[in-house]
Amino acid sequence: MPTVTTDAIALSNVLAELAQRQLPCGGWAALASSSQPAIEPTCYAALALGSLPVGDIERAQDFLLRTQNPNGSWPVVPGDDQEGGWVTSLAVIALRDLVPSISARLQGFHWLLNCSGKESNWLWRWKFRTADRHVRFDPDKYGWPWFPDTVSWVVPTAFAILALNQIPCSCGDLERIPVRVDCGIQMLFDRVCPGGGWNAGNGVVYGRPLAPHADDTAIALLALSDRGQDPIVQRAVQYLERVAPTLTATWSLAWAILALAAHRRPIAPLHDSLSALPDLSSTEDTGTLALACLALDYSRALSAFGVTG
Amino acid sequence: MVTAPFLLPKYHSDQRPKRSRVAVLHAQQYSQELDQLLAAGIPLFPINVTGKTVVLKPNLVDYIPGNAINTHPLLVLAAAESFRRLGAKSVLVAEGPGHQRDTQLVLAQSGYEQFLREEKIRFVDLNRDELIRTPLHASYTGMKDLWLPRTVLEADFLVSMPKIKAHHWSGVTLSMKNMFGVVPGARYGWPKNILHWKGIQESILDLCATVPICFVIADGIVAMEGNGPLNGTPRPLGRVVLADDPVAADATCARLMGFDPSRIVHVREGARFLGNAAPGFIDQVAEAVAPPAIPFRVVPEFLNLYTH
């Protein structure tokens, strides 16, 4: 039977491995075998290390500040096109405790405000209403795309909501934030799978309901942690509670723990399952490794995501 | 999108072999006997993988119990074993699922994880592999380049291992459409939406022109008809198709499904520069290609694929 001590040992081992994988540039690569830094795993790793005395969080933050695009967004990897993408939300979340990053984060927030799914344009809305109706969704309800010039999807929308919710006020140029966040939330509600929960964002295609995914559902639920009374959210939580004990993959299990903790559901058995996973520290995927750290230390992780569990 | 004679071609070079070879093999079920099937079938082709890095690219999209979505792991294992026996320096399996972000979960649920571990076959998640900006060798989409995974670009011998399926957006998904899986989700998202916006048929052509497929092993033992790639109906076909040319492979698979390959846009256009679709240019070995008594069902938009 795993104990709290076992959890602490698991967390300590995974954190040590994570720290060891930090690249000289300050970032982390997506895979242990790679030396190409990438923004997504770096953001998860920076959140996981936080204020802990392991790794070099300052170098990680410097790396994120250095790699920001001139338009305020972040690239997926350094050297990528400068138009930016979905990892911008993660970067502004990962930099939340850093005073010198205020200006960079503001630029990031502005970029997010100006970025929206292609269906936000009237012409595409008209197309989706009249000629392209095989995927059931309401194009009036749009969120954020993976990267510009494509339509909205669940995960980038949820991350953008989490990021924009971290702004303490919506004054000045940022006054549109509540409207955009609300539109994003409505988009999430619209894209829910008929059986509860979310997948990438296609609830019904060609008249057939599609199945939800645990990780997509969990990320959406994190963004909707203050909407726990909504029946759509409650059904998604029920789905996640049902499926989480069956998960053997670290990524999905870690996200499920974070989401269920955010919705104040019991997670002790899941937490034990995660810390008991064999070879957790040797996980090839560094983003998954960092997420395991976050889930094993979920109170601090939820605070970093701006979620009050 | 068709390259009309009076327009400049949208491809950089004509990569067609003079002749192509396709073998249609009979296999009624997924079993250890697939080892022997491929051990006998692959040597029908004059290929040399000695000392080469072989990358097997199966079709792994998502897992839905009871649905024939993914290339069966036993076929992939049999292929790995065959190429090892033929002297490959290394054989690895690589894929970037297009619907499910948790690749480890798809591997576990679809039965890959256990087999890969037992047989000590390395798996590379192409959604998160190192990225290299790569100029496209055709211009059907209008994109100049794509970020593509290092593992695929550096492979000596890339084997496309599709599941034979009808597809609600592209008509069919075979060895050429299978290349969508090399486009990294970490860069382009889940699903790989940019390819839909730039045109699915066009994207298939640009990808196949840029990342050459050396060999095809298509899983048609239990295929999928109807609303593929996820929610179609399993369709026992009892065939494994091998080919040294992806266009010839897909044209043959289309015929086995009861479709006219010249009505599949990417096969027809691919036959201009990537490979051979016409039977006169294909050396058929093993079984003959016979259309099914009842063609594969498709969504209404693709009823034009039927031969009759």
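**Entry 1. A lysine in chain B**

Where in chain B does Lys192(B) lie? I found Lys192(B) in the loop between α6 (185–188) and α7 (193–197) of chain B. I note that helices (H or I, at least four residues) and strands (E, at least two) are DSSP runs, numbered from the N terminus.

I record at the outset that this is a predicted model, in which local features need pLDDT of at least 70, side-chain atom pairs count only at pLDDT 80 or more, and totals for chains, interfaces and linings use all residues. Residues are numbered from 1 along each chain as its sequence is written, while chains are lettered from A and ligands numbered from 1 in the order in which they are written.

Is Lys192(B) buried or exposed? Lys192(B) counts as buried because it has 22 C-beta neighbours inside 10 Å. The rule I applied calls a residue buried if 20 or more other C-beta atoms lie within 10 Å of its own, exposed if 12 or fewer, and partly exposed in between, with C-beta atoms placed from the backbone.

I then listed what Lys192(B) touches, not counting residues up to four places away in sequence: Gly98(B), Phe180(B), Val183(B) and Gly185(B). Two residues are in contact here if their C-beta atoms, placed from the backbone, lie within 7 Å. I also checked Pro97(B), which is 95 residues from Lys192(B) in sequence and 9.5 Å from it in space, C-alpha to C-alpha.

**Entry 2. Confidence**

I looked up the scores of the model and found ipTM 0.92 and pTM 0.94. Chain B has a mean pLDDT of 95, and 98% of its residues reach 70 or more. The pLDDT is the predictor's confidence in each residue, from 0 to 100.

**Entry 3. The two chains in outline**

I counted 14 helices and 4 strands in chain A, and 10 helices and 12 strands in chain B.

For chain A, with 309 residues, a compact globule would have a radius of gyration near 19 Å, and the chain has 19 Å, which agrees. For chain B, with 308 residues, the expectation is also near 19 Å, and its 18 Å agrees. The radius is taken over C-alpha atoms, and the globule rule is 2.2 Å times the number of residues to the power 0.38.

Along the principal axes, the C-alpha atoms of chain A fill a box of roughly 55 × 45 × 35 Å, and the C-alpha trace of chain B spans about 55 × 45 × 40 Å.

I find 55% of the residues of chain A buried, and 57% of those of chain B. Among contacts between residues at least 6 apart in sequence, 62% in chain A join residues at least 24 apart; the corresponding share in chain B is 76%.

**Entry 4. Where the chains meet**

How many residues does each chain bring to the contact? I count 28 residues from chain A and 27 residues from chain B. On the side of chain A, helix α11 (residues 250–262) gives the largest share, 3 residues. That side divides into 16 nonpolar, 7 polar and 5 charged residues. Ala, Val, Leu, Ile, Met, Phe, Trp, Tyr, Cys and Pro count as nonpolar, Asp, Glu, Lys and Arg as charged, and the others, Gly among them, as polar.

**Entry 5. Strands of chain B**

I examined strand β7 (residues 157–161) of chain B, where 5 of 5 residues are buried. Phe157(B), Val159(B) and Met161(B) lie on one side, and Leu158(B) and Ser160(B) on the other. In a regular strand the side chains alternate between the two faces of the sheet.

β7(B) pairs in the parallel sense with strand β2 (residues 53–58) over 5 bridges, and with strand β10 (residues 215–225) over 2 bridges, also parallel. I used the rule that two strands pair if DSSP finds at least two bridges between them. Val159(B) is the bridge partner of Leu56(B) and stands opposite Phe215(B) in β10(B).

Strand β1 (residues 20–26) of chain B has 6 of its 7 residues buried, so it is largely enclosed by the rest of the structure. I traced 5 bridges to strand β12 (residues 282–286), running parallel, with Val22(B) opposite Gln284(B). Another 5 bridges join β1(B) to strand β11 (residues 233–243), running antiparallel, and there Leu25(B) is partnered by Val240(B).
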